[in-house]
Amino acid sequence: MSIDWKAAAQKHQTAYVDDLTKLIAIESVRDDSKKTADMPLGPGPAQALQAFLKMAERDGFKTTNLDNLAGYVEYGEGDETIAILAHVDVMPAGEGWSTEPFTLTEKDGNLYGRGTSDDKGPALACYYGLKILKEQGIKLNKKVRFILGTDEESGWTGMKHYFETQPEPTMGFSPDAEFPLINGEKGNATFTLTTQGSNGGQYKLNQFSAGLRENMVPRDAHAVVETDDNETLVSDFTAFLDEAPVTGDVHIDTDGVHFHVIGKAAHGMEPKNGINAGTYLASFLKALDFGGDARAFLELVGGDLHDDSRVHKLGLAFTDDIMGDLTMNIGVMDFAAGKTGKIVLNFRYPKGMTAEDIQTKLTQVADQNHFELSKGREMVPHYVDPKDPIVTTLMGAYREMTGNETAKPEVVGGGTYGRLMKRGVAFGALFMDHTPDTMHQVDEFQPISDLMMAMAIYGRSIEALANELPE
């Protein structure tokens, strides 16, 4: 039986949007402050996982929930397992949305809401591809496991739990990136510089905050500064806003001058796509007479780290012919007078560079500024040969559905679940040739037409992987 995949996707559009509406309504941001024994990452991720699995049960699939950390939908039989790795958690919404972030909103053919692009929209489109195969009675010669993680945006605890407790898949893909296909991902390492919050000089930095997550360019930054000349400081900041590529506001209160800078959020894998509000605010403040840790904090954030995603100022610039540039995102900046503060840096690095190389340089930076350095999670670079059947089969399905015969696999800075498998890749659902990347940004969206095309591509891809893949 041959399936008209595009027609089948269109037939399921209404049901798909109904299901996506339910998923978007769940604020599935990891929140350890609300974790319980039954919901180890907080209620949101667990509720989204349960909702997804309930949809699959409704459709007649076998499902398994692994301690509200991960779960899977299973279809087909065979000794080999094709894995599809998606996630139901989302980034915090942040400020500045023109729609309600946790209400699916349709405007001009686009679906807006946190998770429409990363990753609830693509995950559900891929699931519907599997659902269509089941409805059509297509027999699969390999087992397909559609696996759902619950904290891809902040630690991968859920998917690690899956791989620790379940058999390793033969190969697979993650519908959590862009088309045509990603067969290489840079290494990913996070470092934290910690400060004790001392002050000195004519100005006092009471508070500075910017950023929500390490892998997100901060849109908003706030600071409170004490000075004897509030009016001059306000005037200087207003002049700064006239020249800088950011907006903001300032007002005087009893505890000092309050600053707010608005930049542009973006995915931390490519900081150039955003405007870091935190480093811009620090670039203004560092010219003032601060002392102690406040001065070191502002000079580092607003100086050597500011507007330098390729890390030339710290001497870490590096490029690989296949994987491209090393990049740095300054994701979180916190300072409070007399309290412990931090600067969180996320690096995406290609082959030829190591996290140890980065750590050596950052240790020097920490020593110079009397900060403490700690290393967070790390993932080494991942690469699958373009000639591997997992790549050639998926590329074949993409070309068949889109008619784009010149499309080639790519290497990116983003990190997806695909890298958890030796023969794992990332596959859609963003069409970068005509749709902007709004992952981790305000007003995140995905065109419904793109999601329907992705559904067709995914369905055909699963069919090909499970039945036609060369041994």
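User: Which strand do 6 bridges join to E11?
Analyst: That is strand E13, residues 220-226. The two run antiparallel. Keep in mind that this is a predicted model.

User: Which residue stands opposite Leu205 there?
Analyst: Val225 in E13 stands opposite Leu205.

User: How many bridges join E11 to E19?
Analyst: 4 bridges join E11 to strand E19, residues 327-336. This pair also runs antiparallel. In E19, Phe335 is the bridge partner of Phe208.

User: Switching topic. What do E1 and E2 form?
Analyst: A hairpin, with 3 residues between the strands. E1 is residues 62-66 and E2 is residues 70-75. They pair in the antiparallel sense over 5 bridges. Thr64 stands opposite Tyr72 in E2.

User: What about phi of Asp67 in that turn?
Analyst: Asp67 has a positive phi of about 65 degrees. Most residues other than glycine have a negative phi.

User: Where else does a positive phi turn up in a residue other than glycine?
Analyst: Asp108 is one case, with phi near 55 degrees. Val311 is another, with phi near 60 degrees.

User: Where is Asp108, and is it buried or exposed?
Analyst: Asp108 sits in the loop between strand E4 (105-107) and E5. Asp108 counts as exposed because its relative accessibility is 79%, and the cut-off is over 50%.

User: And Val311, buried or exposed?
Analyst: Val311 is buried, because its relative accessible area is 0%. Val311 lies in the loop between helix H8 (292-304) and strand E17 (319-320).

User: Which peptide bonds are cis?
Analyst: Among them is the bond from Asp118 to Asp119, with omega near 0 degrees. Asp119 lies in the loop between strand E5 (110-112) and H4. Another joins Phe179 and Pro180, with omega about 10 degrees. Pro180 is in the loop between strand E8 (177-179) and strand E9 (182-185). Most peptide bonds are trans.

User: You mentioned H4. Is Tyr128 in that helix buried or exposed?
Analyst: Tyr128 is found in helix H4, residues 120-135. Tyr128 counts as buried, at 0% relative accessibility.

User: Last one. Which residues gather in a patch of negative charge on the surface?
Analyst: Asp228, Asp229, Glu231 and Asp236. Glu231 is in helix H6, residues 230-243. Glu231 is exposed, with a relative accessible area of 58%.

Methods
Residues numbered from 1 in each chain as written. Predicted model: local features only at pLDDT ≥ 70, side-chain atom pairs only at ≥ 80, totals over all residues. Heavy atoms only, no water. Patch = residues over 30% accessible without salt bridge, like charges linked within 9 Å, V, L, I, M, F, W, Y side chains within 5 Å. Areas by Shrake-Rupley, 256 points an atom, 1.4 Å probe, with all protein chains shown as cover. Salt bridge = Lys/Arg side-chain N within 4 Å of Asp/Glu carboxyl O. Lys, Arg positive; Asp, Glu negative; His and termini not counted. Charge placed at Lys NZ, Arg CZ, Asp CG, Glu CD. Buried < 20%, exposed > 50% of the residue type's maximum accessible area, 1.4 Å probe, protein only. Pairing = 2+ DSSP bridges.
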